[in-house]
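These are my notebook entries on a structure that I looked up. I set down each item in the order in which I examined it.

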Amino acid sequence: MSSARTAEPKPPGGLAHHASRLIRKARWPLLVLWLVALAISGVGASSIADSLSGGGWYVPGADSTKAAGQLEHGFKGRGRTTVTLVIHDKRYESDDPRFEQRARDIARQVTAEPELKVTDSHGWTSLTPQNRSDYAGDDHHTVIDSLALDLDDGTARRELPEVQADLDERFGRQDLDVSLVSPSSFWGEINTLSQEGLAKAELITMPLIIVILLLLFRSVAAALVSLAVGVSAIVFTLGLLAPVAQHHELSVFVQNAATMLGLGVGVDYSLFVITRFKEQLARGQDVASAVAATLRTSGHTVLASGATIVLAMCTLFLIDLNVIFSLALGAVVVVAFCVLTTVLFLPVLLHLLGDRINAGRVRLPRSLRERFRHRRTAGETDDRADADDRAAADDRADATSSVAGEENSRWFRLSLKVMAKPVLFLTAASVVLVALAAPVAQLRTFSPDARILPETSSVRVGYDHMQDSFGVGATSPIQVVVSSRAPLGEAERSEDLTRFSSRLEKLPHVERVDSALPVLESASPQAPLKALAAPSLDRLPDDARDTVRHYVAEGDRAFVLEVVPDTTASDDAARELLDRVHEEADKLPASSFTSAIGGETAEGIDANRVIQDGLPQVILIMLAAVYLVLLLTFRSLLLPLKAIAMNLLSIAATYGVLVLVFQKGLGTGLLGFEQTDYLQNFVPVLLLALLFSLSTDYEVFLLDRVREEYLTTGDNTVSVARGLTRTAPLISGAAVLMVAVFGAFGFSGIVPIQQLGFGMAVAILLDATLVRLLLVPAAMRLMGRWNWWFPGRGDGAPVRRPAAERAEAASEPERAEAGRT
């Protein structure tokens, strides 16, 4: 029997051993390759922010996208990018000559800015006093101009923040608020704030990570190596995505997602690997054997976890929205690099450092050391040993405890207590999670608006001045672009367009409808559109013709009506109004007119719709992928189902907490968050993919240890207790790391990143406490041998290995290699 085992060795052990030998032989070339790749990637990573877009919300082929495209050409004061110049004078009122002089001077300077490439303008400063009242605010201190920029949307978003900063510097000391307001300026500001929040989050996160790693490893060398893995993954990711962003639109949120996940997952993976490596060294193995054993165990866990995250995030590519694509791409790439650096470059460092992984020993107070070590004997103190003996004792304490020591640990006692009353603990934990999940029924999603900007932002100030002076909906009108098959002045049923405008004005929550009709009616009261014919239009004053051309494109085949609501773009009333506008537009004769309806509300609804339409496919494929990975990892049909059910429960609880905080405002003042009345539309779907992946990470790590014990003992209860005892401290440490990283991004980022980071932190906290410590042991106790049921393996009884084989599996890889030879 012994010869049979040596003839057919365990493939995982052999593969890990050969990988370790190859890495050890090529450790110096691999280290040089790593450093060179890091330097090259760093160049791209440092410049990626200049190439990222604040957009990505347009849905290809959607009505709102068509409307935005049609408004780019042929209209006065509208261009490839259109911005509103908002001038607010704190000293003078708009009927004061000094106000006019200052306003015209501002408009002249802004239109001359070479970075803006202004091709046309229309508004208060370009019209005569008799015709510009529509562009003067009710507060008598605010006026607006519409500027057409010869810039594509992505370029505008990069240039506008710098121009805005220059305007603030130039006019702020003169009691003037000069703002550029548009979706492009809004997203440009988001881009700037995102970078500032990213830098702030990194300043907060790095010291936290270092402190936590020092507490977990009690070694400066191990902490720095762990941090190097996460940082390397981030640099490689941003360096790879930098050239991609120059040729394809990538959302600014990709940088936040890659940094947040890279730090969390990269440090998490390295924590698993380094801890196992130190454990193997403390057992007396040499460096090569310890690396091989680590790759065979923790390396397997990292590969399984990384594959799960990558597969789960790839399902988001099914949603045809650029911002979702960007976030998913960033997550997939950074996690792939986390796995690569953990299983390839981290072993290089482990081979180079060897026992020096414990260098820079951090001494903790004795009470903390006792808590971490779970020593059996109270008299085992450091006072009786010299420095070397103390270090050796610490290493032995870091290793896996003896069976007797484990049985005296609080984790072991907790797991046995839970499994003694599994129904009680399963029910209690489930009730808590279900209670937290209850607010999910009220979850609302929408795309972001100017309210997510801080009140001190110049763009936000411009939005506020417009809303105060021209109406709440002035910054987000519903834009109806009506296209005519014949010139509007010659169209047989042009009166239908006039009646259409009248019907829109009577709809609920409509403050006004802006169009060319008032000017045209002054020239032709009975048939306003007939005034577009050449003789009639030529007789109009220059100001009137300019106003007409602001709403009627050259060629007279496209007509714009801007429906200004009395509410914000994300309000339910605005959504209902949009539906009514669609209904009225459908009444236009199809033989004469076609319509496209855009604006902020329409774009948000289209983005929501494409996410909701793709969500069922995403969920089904994601569940199938996670199930398949867990099935292959644990060779069990039922364990993956249990894991999926628990993940869904914890994710629902996380959604409920987000609704309570951000929609209901519970604790927003204390936490420093802003109540938005809705969640960012990409946050729930992104959280679903990320949390499913990260929860599976802990599941794999825990159940790998449980399965090792079960194959050895065949006792389900003891195996669960020992597996939990050996992994709970590490899972808790990893969870603290994750919560620190995600929480730092949540508290320092803008609202979408606040919701994402806070949601991740809450979910990890729930997963590492209620789920891992209560739900998992209780459920596994109830399932018994059926945990491991697999066709061909009967009722789940383990295929127990003989004692000699178990000893061989636990021995150094070199011994196994010698036996095979």
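**Entry on T81.** I located T81 in strand β1, residues 81–89; helices (H or I, at least four residues) and strands (E, at least two) are DSSP runs, numbered from the N terminus. The model is predicted, so local features need pLDDT of at least 70 and side-chain atom pairs count only at pLDDT 80 or more, while totals for chains, interfaces and linings use all residues. Residues are numbered from 1 along each chain as its sequence is written, and side-chain values use heavy atoms, with hydrogens and water left out.

Is T81 buried or exposed? I found a relative accessible area of 3%, so T81 is buried (buried means under 20% relative accessible area, exposed over 50%, partly exposed in between, with a 1.4 Å probe and protein chains only). I then listed the contacts of T81, leaving aside neighbours within four places in sequence; among them are L147, A148, D152 and S184 (contact means heavy atoms within 4.5 Å). A polar atom of the T81 side chain lies 2.8 Å from the backbone oxygen of L151.

**Entry on S182.** I placed S182 in the loop between β4 (176–181) and α7 (183–217). Its relative accessibility is 4%, and S182 therefore counts as buried. Not counting residues up to four places away in sequence, S182 touches T82, V83, L160 and Y463. The S182 side chain also reaches the backbone nitrogen of S184 at 3.2 Å. I noted that S182 and G462 are 280 residues apart along the chain, yet their C-alpha atoms are separated by 9.7 Å.

**Entry on α18.** Which residues of helix α18 (residues 495–505) are buried? I recorded D496, L497, T498, F500, S501 and L504. The elements that cover them include β6 (478–484), β7 (510–514), α19 (517–523) and α22.

**Entry on α22 and α23.** I looked next at helix α22 (residues 572–585) and helix α23 (residues 600–634), which pack at an angle of about 90° with their axes 10 Å apart. The two helices are therefore roughly perpendicular (the range for this term is 65 to 115 degrees). In this packing, A574, R575 and L578 of α22 meet T601, A602, I605 and N608 of α23.

**Entry on the whole chain.** I counted 30 helices and ten strands in the chain. Of its 821 residues, 57% are buried. Among contacts with a separation of 6 or more, 82% join residues 24 or more positions apart.

Terms used
A polar contact is a pair of N or O atoms within 3.5 Å; within protein, one must be able to donate a hydrogen and the other to accept it, and residues adjacent in sequence count only if both atoms are side-chain atoms. Axes are lines fitted to C-alpha atoms, for helices over the stretch in contact, and angles run from 0 to 180 degrees between N-to-C directions. Angles under 35 degrees count as roughly parallel, over 145 as roughly antiparallel, 65 to 115 as roughly perpendicular and the rest as oblique.
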